[in-house]
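Visitor: I'm new to this structure. Could you pick a single part and take me through it closely?

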Amino acid sequence: MSSDQTVRAFLANLQANHRGLADAQRQVSTGKRILTPSDDPVGVAVALGLRRDQAANEAWGRNIDDSLTWLNTTDSALGQSLDVVQRARELAVQGGNGTLSQSARELIASEVQSLKAQFVEIGNSTLAGRFVFGGAATDRQPFDPATQTAVAPVNTSPITREVAQGSLVSVNITADRLQKPPGATPDVFTVMDDLSAALGANDSAGIAEALSRLDAHMGNISALRGETAAKVNRLELTASRFEAQAIATGSQLAEIEAVDLAEAITDLTMREAVYQAALATGARIMQPSLVDFLR
Amino acid sequence: MASTFFGLNSAVSGILTAQRALNTVSHNLTNATTPGYSRQRVDTAAAPAYAHPGLTTAVGVGQLGTGVVATQYARLRDGFADLSHRAATSDVGQFEARGQALSTIDTVLDEPGETGISHLLSGYWGAWQTLSLQPDSAAAREAVRQAGDDLARGFNDLSRGLAASQAEASARIELGASRVNDLAGQVNELNKQIAMVVAVGQQPNDLRDQRDLLIDELASYANVTVSEAGAAGKVSIAIGSQLIVDSTTDTAGTLAIDAAGAATVNGAATTIASGNLRGLVDVRDAVIGGPDGYIAQLDTLAATVATAVNGRHEAGFGRDGGTGTPFFTGTTAATIGISAPVRASVDAIATSGSAADLPAGSDVAVGIAQLQFLVQTIGASTTTMDGFYAQFVSRVGLDTDQASRMAQVQKGVLAAAEARRSSVSGVNLDEEMTDMVRFQKSYNAAARMVTALDEMLETLVSGMGVVGR
């Protein structure tokens, strides 16, 4: 063993120790196990996948929140419209009573007319400036307050959001479904017009027909509310599932990327001790040679 | 009968030889830390015996020794240790060059981080999700354009970073080749000087040390085959199949490496199997470049993103009623960017599948956001775009990790070869000090011998013939 080689070998070992020490220090000070892909090439791929899932879950979470707001607004508008139809039905029952005077019936007929305006107002409900019953045409009123009819062409497009991977939900009820139940029953404005006309003419058959049509409308709006409520339920379930998933993903990610501090600090302390021992031995083996002992 | 002064001559040979040996110890000690220095030793032998004539016989009772002679200054060197040392040097050179270049890329990727492509991709899909909630919002459109621009720039930056690594490797290949030529020229000059010294029967130990040091450096650039030819002490050095130093013609060749990585010496094709130059050529032409290299992978991903997004985007209608508008232009990582119409106005961003559903039709926006999880064939894998990128990052990590590991392993091998070589050629201070004591003692002893002979002669010259006086 030459003297020079002793020194160089010592230096190489010392440098290796120092690298290890720096590595351990870096882990402790950053709290991260993976800083570059080469730190754990397989782990980093898994971590990237988890991070993508996290970001996607967040996006779906936002979609769900927005959808719930939309559905809740729709639901409360549906509730109000149900009240309007309910009131019209009450008026029809009241007007069907043959003992009422002509003037009383005309009074009832005018209230039916004002219910129409109320229905238009509810049908033009907005959320953040968007008409909720307007389909995709959220920028124009679905019902015209002047003519008290649906504005043609009625946009019947669903407004869809992705709320989980591959899972689409349409959050809106369109004007056509609001104003008219499926089948032969005419739209709500026609029914109310017919009702007020029948009241004016004291046409008991017409009033009875309006009554049954209003029943159909109430059934329709209730069904729409049911549909909305079911969607709200589903979204709330999905949202709580995402919350659970977010916690699981977070802990998985920490498992891969984060440093186990207890382990890292123990490692650091051990490496420190080894480094100091190496320095101490170096000082011992390098110093003396025969030169120091010969006179 | 031997001469009266015979013993003096023997003692003087001892004094002179001890002096030579001490001078050599001094040379060794002063060069203990000189790179490439090989320990020297004075080889001694008993001087030829003197068969002196006698009165009755021609040869007497036997041969009488005449002292000591220094036969040569030997240079302690192990040829086999040199071979393994050079091989290890070449391997370390190769993997260190590879490891250094790759660790730069490893850092440039910034994964897992906030500016890496994977983060930008997630941001881009997220922006489309947000736009799908409010397709009529200019702010959400702006966010999509911004995220798309960030993503395209991320691709551009990474591609530029990879190209810069390639350019750096090219520059280092050029420098390396010119250093090899420089070294070959120096070895050739030393060859000539050594031959001149050898011709007069001496050992050019220190010149040989210098030459071996140059060859060591040469080995770090490329794997070399060294052959010592003839008695003149000259060496020929080959890189692959071609001689870069030719001892028969006393010429040094010129190594050149072209842009495609092909090596030539004086125009004749050869192969470099290891060394720094091999590592750099590999990194430039196979790891970063090449049909399966990083740039190609990144280009594939960029093209897939652009094609997939454009496919759905062109089928949709923008806020301005336009359709058939691409979102991205360019088909490589270096050229991808957001298209001119989208750059000009966010209203060109398509969200709706039909003109009638403007402004709030969101089916196209939802469709583009869903691309995040679309499994398709990308390059040689069937995966999502994010998955393909994760695979790419993983591959860079593996390559870097492997290269630095290999460099560590080869450094270990080199250290072992160094230790073996050093155990033969290196200077050990303890050993030299012991030698110093040894040769000093033998110098003193030979000098004492002279004194003893002097006293004998004193008796003979001054003390004889004075009986009774």
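Guide: Let's look at how two helices of chain B pack together. This is a predicted model, in which local features need pLDDT of at least 70, side-chain atom pairs count only at pLDDT 80 or more, and totals for chains, interfaces and linings use all residues. Residues are numbered from 1 along each chain as its sequence is written, chains are lettered from A and ligands numbered from 1 in the order in which they are written, and side-chain values use heavy atoms, leaving out hydrogens and water.

Our pair is helix H4 (residues 138-199) of chain B and helix H6 (residues 276-288) of chain B. Helices here are DSSP runs (H or I, at least four residues), numbered from the N terminus. Two packed helices are described by the angle between their axes and the distance between the axes. Here the axes come within 9 Å and cross at roughly 155 degrees; they are lines fitted to C-alpha atoms over the stretch in contact, with angles running from 0 to 180 degrees between N-to-C directions. So H4(B) and H6(B) are roughly antiparallel to each other, a label for angles over 145 degrees. The crossing is left-handed, meaning that the near helix is turned anticlockwise from the far one by less than a right angle.

Who touches whom? On the H4(B) side, the contact (heavy atoms within 4.5 Å) includes Leu162(B), Ala169(B), Ile173(B) and Val180(B). H6(B) brings, among others, Leu277(B), Leu280(B), Arg284(B) and Ile288(B). The contact residues divide into nine nonpolar, five polar and two charged.

Terms used. Parallel < 35°, antiparallel > 145°, perpendicular 65-115°, else oblique. Nonpolar A, V, L, I, M, F, W, Y, C, P; charged D, E, K, R; others polar.
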